[in-house]
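Please walk through the structure below one region at a time.

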Amino acid sequence: MKEKSSFPQTLHAAIRYFAKESNAFDFLKSIRWPDGVVKCPYCKSEDVSFISTRKVWKCKHCTEKSQFSVKVGTVMEDSPISLDKWLCAFWLIANAKNGISSYELHRSLGLTQKTAWFLLHRVRLAMQDGSIEKFSGRVEADETFIGGKARNMHADKKGNVKAGVVGKVAVMGLLERNSPGKHSRVKVRVVRNVRRPQLQKEIKQEVVKGSEVYTDALRSYSGLEKEYVHKVIDHAECYAKGHVHTNGLENFWSLLKRGIKGTYISVEPFHLFRYLDEQAFRFNERKDNDAGRFIKAARGIIGKGLRYVKLTGKIGDDSLPKTPKSWWTETWLLNHLRLETD
Ligand SMILES: [Zn+2]
């Protein structure tokens, strides 16, 4: 990304631009090391030399694994997919309003369906909102259920995770309303259930104390008034009283569910949180243009290597945890369901 003016603004231009290997390489390098200083991903040393013929660096401090490419330490690590295809996939996924299926990626980029599926999940991982900034001001909180098949049952069998409603996954959403110079944003995540401790924990984690919080009349929200200006809209009566409503999130839920029913054939509960992240990203970055969204999605590639076994988590798969409560179980659950063990 040397000159801003030459950076592609459309998919067509992006395909042409990244087809040139040096453009794809330079772009990725600028995303990974924005200050221009290349650091060894293993030991963080800056003492590296570039082998231009192979486009790899060699670290002078590391004895084993001393060479690294621009992909090492990113979601693209160990992937034989060419950089231009990765970057076009980022572009497509970041900008498809209603999401894109692995089947479409497979056809558009000429990848096998399995590869396209893997790539899609890795790009979604990159798009996870890493923001640690809490919401404040006027915030809507709401919960919904997604899905139907009891696929996450094996999490029950393996240990101590219980699905909120059998066969459905409970999802909690927060929406910070727009304020001058800042458009509204959402955070969504899979929750174990919709009982009070679970929902209120999410709110307390993500919303600054003293903010106005709008919810429906679900009893799980009662008691929030101790820390927030809590205003309730009873949907049995009406859907809005002035600014007290949860319509922003209701709209987001319908967008989300339309996406699942339409573009995606199904979303496995394991992967639901990645899909949620993707939709939240798209919502939060909706005011940006295609090139801007692409760059933001691509920035998420750092430090998010993800192995295939971790991603599939099939029943009976050796990668599943054998003993509940182990560190591994916890990591697995966090990675797959974003639920917590007791
Ligand atoms: Zn090193």
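A residue is called buried when its relative accessible area is under 20%, exposed when it is over 50%, and partly exposed in between, using a 1.4 Å probe and protein chains only. By this criterion Y17 is buried, with a relative accessible area of 14%. This is a predicted model, in which local features need pLDDT of at least 70 and side-chain atom pairs count only at pLDDT 80 or more, while totals for chains, interfaces and linings use all residues. Residues are numbered from 1 along each chain as its sequence is written, and side-chain values use heavy atoms, with hydrogens and water left out.

Rings of Phe, Tyr and Trp (for Trp, its six-membered ring) pair if their centres lie within 6.5 Å; planes under 30 degrees apart count as stacked, over 60 as edge-to-face and the rest as tilted. The count under this rule is 18 aromatic pairs. One of them joins F7 and Y17, edge-to-face, with 5.8 Å from centre to centre and 70 degrees between the planes. Helices (H or I, at least four residues) and strands (E, at least two) are DSSP runs, numbered from the N terminus. F7 lies in the segment before α1 (11-19) and Y17 in helix α1, so their pair ties together parts that are 10 residues apart in sequence. F7 counts as buried, at 4% relative accessibility.

Y17 also meets F18: the ring centres are 5.2 Å apart and the planes stand at 80 degrees, so this pair is edge-to-face. F18 is buried too, at 1% relative accessibility. Ring pairs link F7, Y17, F18, F27, W91 and F294 into a cluster.

Helix α10 (residues 290-299) has 7 of its 10 residues buried, so the helix is largely enclosed by the rest of the structure.

Rings also have charged neighbours. A charge sits over a ring if NZ of Lys or CZ of Arg is within 6 Å of the ring centre and within 35 degrees of the ring normal. K55 lies over the face of F25, at 4.5 Å from the ring centre. The charged end of K187 is placed over the ring of F135, 5.0 Å from its centre.

Next comes the metal site. Donors are N, O and S atoms within 2.8 Å of the metal (3.2 Å for Na, K and Ca); water is not among the atoms, so sites may look incomplete. The SG atoms of C40, C43, C59 and C62 coordinate the zinc ion at 2.3 Å. Four donors count as tetrahedral if all angles lie between 85 and 135 degrees; four count as square planar and six as octahedral if opposite donors are over 155 degrees apart and all others between 65 and 115; anything else is irregular. The angles among the 4 donor atoms of the zinc ion are 104 to 114 degrees, and the site is tetrahedral. Along the chain the donors follow the spacing C-x2-C-x15-C-x2-C. Distant parts of the chain are linked here: C40 is in the loop between α2 (21-32) and β1 (48-51), and C59 is in strand β2 (residues 56-59), 19 residues apart. Both C40 and C59 are buried, with C59 at 3% relative accessibility.

A disulfide is a pair of cysteine sulfur atoms within 2.5 Å, and the count by this rule is 0.

The strand that holds C59 belongs to a sheet. Two strands pair if DSSP finds at least two bridges between them. An open sheet of 3 strands has the order β1-β2-β3, with antiparallel pairing. Its edge strands are β1 and β3 (67-68), each pairing on one side only. Between β2 and β3 there are 2 bridges in the antiparallel sense, and K58 has Q67 in β3 as its bridge partner.

β4 pairs with strand β5 (residues 169-176) in the antiparallel sense over 8 bridges; E143 has M172 in β5 as its bridge partner. β4 and strand β7 (residues 212-216) run parallel and are joined by 3 bridges, with V213 in β7 as the bridge partner of V139.

S211 lies in the loop between α7 (196-206) and β7 and is buried, with a relative accessible area of 5%. S211 and G137 are 5.0 Å apart in space, C-alpha to C-alpha, and 74 residues apart in sequence.
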